[in-house]
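Thanks for coming, everyone. Please look at the screen while I walk through this one.

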Amino acid sequence: MNLALWIGAGLLAAVALAGGMIKTFVPRQKLAATPGGQWTEDVSAGAVKILGALEILAAVGLIVPAVAGVAPVLVPATALCWALLMIGAMITHGRRGEFRFAVLNLIYLMLAVFIMWGRFGPAAFTG
């Protein structure tokens with residue numbers, strides 16, 4: 001169980017880091033021209049960058065607290081925040097008719113729920 005949770009957290013952190021870096025450093029107009037990026041037309045460039053920064057923080061929060069042994073409860077708390085973010089992403093893509101991206105967000109949501117369940121429950125980090 002512990003290994004599966006670490007793998008899940010690593011995969012989710014990689015997704016969060018990649019998405020965060022793209023949203024933070026790629027101009028909004030360029031994002032809007034990519035498949036699944038059209039939603040950026042509906043929000044400000046600042047909002048896209050804030051989402052990107054939050055995703056980078058999520059990548060850190062899914063791994064670093066457990067590795068450092070400092071406040072490891074932040075790992076499932078970060079997974080909870082990621083799950084909420086994915087619900088918002090699913091709603092956004094669903095409203096735009098971008099259902100394949102909503103399904104991808106659902107997969108990320110399920111992975112976050114698994115991490116949250118495992119780290120708050122049977123495989124919680126204990127000191």
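Start with K23 and E55. They form a salt bridge, with the closest N and O atoms 3.0 Å apart. By salt bridge I mean a side-chain nitrogen of Lys or Arg within 4 Å of a carboxyl oxygen of Asp or Glu. K23 sits in helix 1 and E55 in helix 3, so the pair ties together parts that are 32 residues apart in sequence. Helices here are DSSP runs of H or I, at least four residues long, numbered from the N terminus. Both K23 and E55 are buried. Buried means under 20% relative accessible area, exposed means over 50%, and partly exposed is in between, with a 1.4 Å probe and protein chains only.

A quick word on the source. This is a predicted model, where local features need pLDDT of at least 70, side-chain atom pairs count only at pLDDT 80 or more, and totals for chains, interfaces and linings use all residues. Residues are numbered from 1 along each chain as its sequence is written, and side-chain values use heavy atoms, leaving out hydrogens and water.

How many salt bridges does a search of the whole structure find? Three. Take R96 and D42: their side chains meet in a salt bridge at 2.6 Å, N to O. This pair links distant parts of the chain, 54 residues apart: R96 is in the loop between helix 4 and helix 5, and D42 is in the loop between helix 2 (28–32) and helix 3. R96 is partly exposed, at 31% relative accessible area. D42 is exposed, at 57%. R96 also meets E98 in a salt bridge, at 3.5 Å, N to O. E98 is buried, at 12%. Through shared partners, D42, R96 and E98 join into one network.

Now the open spaces. The method is a 1 Å grid over the protein atoms alone. A pocket is an open set of points with protein on both sides within 12 Å along at least five of seven lines; a cavity is a set where a 1.4 Å probe fits but cannot get out; lining residues have an atom within 4 Å of a point. A volume is the space filled by probe spheres set on the points, which are joined across faces, edges and corners.

The largest pocket has a volume of about 700 Å³. It is lined by 26 residues, and K23, W39, E55, H93 and N105 lie nearest its centre. By class, the lining has 15 nonpolar, nine polar and two charged residues. Nonpolar covers Ala, Val, Leu, Ile, Met, Phe, Trp, Tyr, Cys and Pro; charged covers Asp, Glu, Lys and Arg; the others, Gly among them, are polar.

The second largest pocket has a volume of about 200 Å³. E55 is one of its lining residues. Helix 3 gives the most here, with six residues.

There is also one cavity of 30 Å³ or more. L5, W6, A9, L62, A66, V75, R119 and F125 line the largest cavity. Helix 1 gives the most to that lining, three residues. By class, the cavity lining has seven nonpolar, no polar and one charged residues.

Notes: Helices (H or I, at least four residues) and strands (E, at least two) are DSSP runs, numbered from the N terminus.
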